[in-house]
Amino acid sequence: MRYRITVEYDGEPFSGWQRQENAPSVQATLEQAIFKLSAEQVTVIGAGRTDAGVHALGQVAHFDLEKSFHPHKLRDALNYHLRPDPVAALEVRIESDDFHARFSATSRQYLFRIMNRRAPPVLEKGRVWHVARELDADAMQAGARHLVGKHDFTTFRAAECQARSPVKTLDTLGVRRAGEEIHVEATARSFLHHQIRSIAGTLKLVGEGKWHPREVASALAARDRSRCGPVAPPDGLYLLRVDYDEERGGSEK
C-alpha cells in the first residue's frame with residue numbers, strides 16, 4: 001500500500017530533509033517513527049529536499065507498507081512515535097502505486113519571512129530573518145517582477161546545485177508587508193538549490209535602497225553567481241504546500 005503524508009516541521013534542529021549518516025534529518029526521523037509502528041523498514045520520499053534550518057507547513061512525502069492501516073489511525077500513530085521531535089503528520093492518504101511525491105508534483109509554494117523591525121525577534125527567533133533597517137516592500141515587489149517567468153537563473157543558483165539546467169519557470173513571485181514582517185512568496189513546479197534564499201537576499205538590497213529594482217533584471221541577465229545579492233539565512237524559509245493533479249484519486253478512506 002502506498003501512503004501519502006503531509007508533514008509540518010521546525011527545521012532548526014535538523015540537518016535538512018535528506019537522511020545523513022551523522023546528523024538528524026526529517027527523512028530519517030519519519031522513517032524511524034514508521035518502523036516503530038509497523039516494524040517495516042521504509043524509504044520516505046519527499047517532494048522537496050529542504051536544507052538545514054528550513055521549515056515546512058505542507059511538505060508532502062510517500063512511502064510503501066506491507067501492512068494496511070486506516071489513514072487516520074496511521075496519522076495518529078505516526079504523531080505518537082514522532083514525539084518529542086518537532087515533526088507532525090497533518091494528513092495521510094492512500095495513493096495509487098504510480099504516485100510519486102517528488103515527480104508527480106505540479107507546483108511547489110514557498111514563503112520567506114523577514115522580521116522588519118529594530119528589536120530582534122524573541123518568540124520568532126529561528127523562524128524569521130531579522131532585518132532591522134526599514135524595507136520598502138513596493139520597491140522589492142518591483143524588483144521581483146523581473147524574475148517572474150521562464151529564465152536562466154544561474155545568478156540565483158548555488159554553486160553546488162545538482163540540477164541539470166539553470167532554466168526554471170517562476171510562476172509567481174510576490175512581496176508584501178504583513179505588519180512587522182515582509183513576506184516573499186514564490187510558486188513554481190521546481191526550484192534550484194538556494195534559489196529562493198538568493199532571491200530574498202537580493203530583494204533585501206532593493207528594499208534597503210542599495211539596488212534599483214532594474215538592477216535585479218541586470219543581475220538575472222548576467223547569468224553570473226557573483227552578481228547575486230547575499231544569500232538569506234534558512235530561518236525564514238517555509239515550504240508552504242505542494243500541489244498535484246487531484247484527478248489521480250488519492251483517498252483518506
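Predicted model: local features only at pLDDT ≥ 70, side-chain atom pairs only at ≥ 80, totals over all residues.
In helix α3, the residues A137, A139, M140, Q141, G143 and A144 are buried.

**Helix α3 and its surroundings**

- Six of the eight residues of α3 are buried, so the helix is largely enclosed by the rest of the structure.
- The partners of those buried residues are β5, β8 (167–178), β9 (181–188), α4 (195–207) and α5 (213–222), against which they pack.
- D138 also belongs to α3, which spans residues 137–144.
- D138 counts as exposed because its relative accessibility is 64%, and exposed here means over 50%.
- Where α3 starts, the backbone nitrogen of D138 has a side-chain oxygen of D136 within 3.0 Å.
- For a sense of distance across the model, take D138 and H62: they sit 76 residues apart along the chain, and their C-alpha atoms are separated by 39 Å.

**N116, a loop residue**

- You will find N116 in the loop that links β5 (105–115) to β6 (129–130).
- Is N116 buried or exposed? With a relative accessibility of 8%, N116 counts as buried, since the cut-off for buried is under 20%.
- The side chain of N116 has a polar atom 2.7 Å from the backbone oxygen of R133.
- The N116 side chain also reaches the backbone nitrogen of L135, here at 3.0 Å.
- Setting aside neighbours within four places in sequence, the contacts of N116 include V131, A132, R133, E134 and L135.
- Further along the chain, N116 is in contact with R177, E180, E181 and I182 as well.

**Where α1 meets α2**

- Helix α1 covers residues 26–38 and helix α2 covers residues 71–82; their axes come within 9 Å and cross at roughly 115°.
- The two helices are therefore roughly perpendicular to each other, as angles of 65 to 115 degrees fall in that class.
- The crossing of α1 and α2 is right-handed.
- From α1, the residues that take part in the contact are T29, L30, A33, I34, K36 and L37.
- From α2, their counterparts are L74, A77, L78, H81 and L82.
- What is the make-up of the contact of α1 with α2? Its residues divide into eight nonpolar, two polar and one charged.

Methods
Residues numbered from 1 in each chain as written. Heavy atoms only, no water. Helix = DSSP H or I, 4+ residues; strand = E, 2+ residues; numbered from the N terminus. Buried < 20%, exposed > 50% of the residue type's maximum accessible area, 1.4 Å probe, protein only. Polar contact = N/O pair within 3.5 Å; in protein donor to acceptor, adjacent residues only side chain to side chain. Contact = heavy atoms within 4.5 Å. Axes fitted to C-alpha atoms, helices over the stretch in contact; angles between N-to-C directions. Parallel < 35°, antiparallel > 145°, perpendicular 65-115°, else oblique. Left-handed = near helix turned anticlockwise from the far one by under 90°. Nonpolar A, V, L, I, M, F, W, Y, C, P; charged D, E, K, R; others polar.
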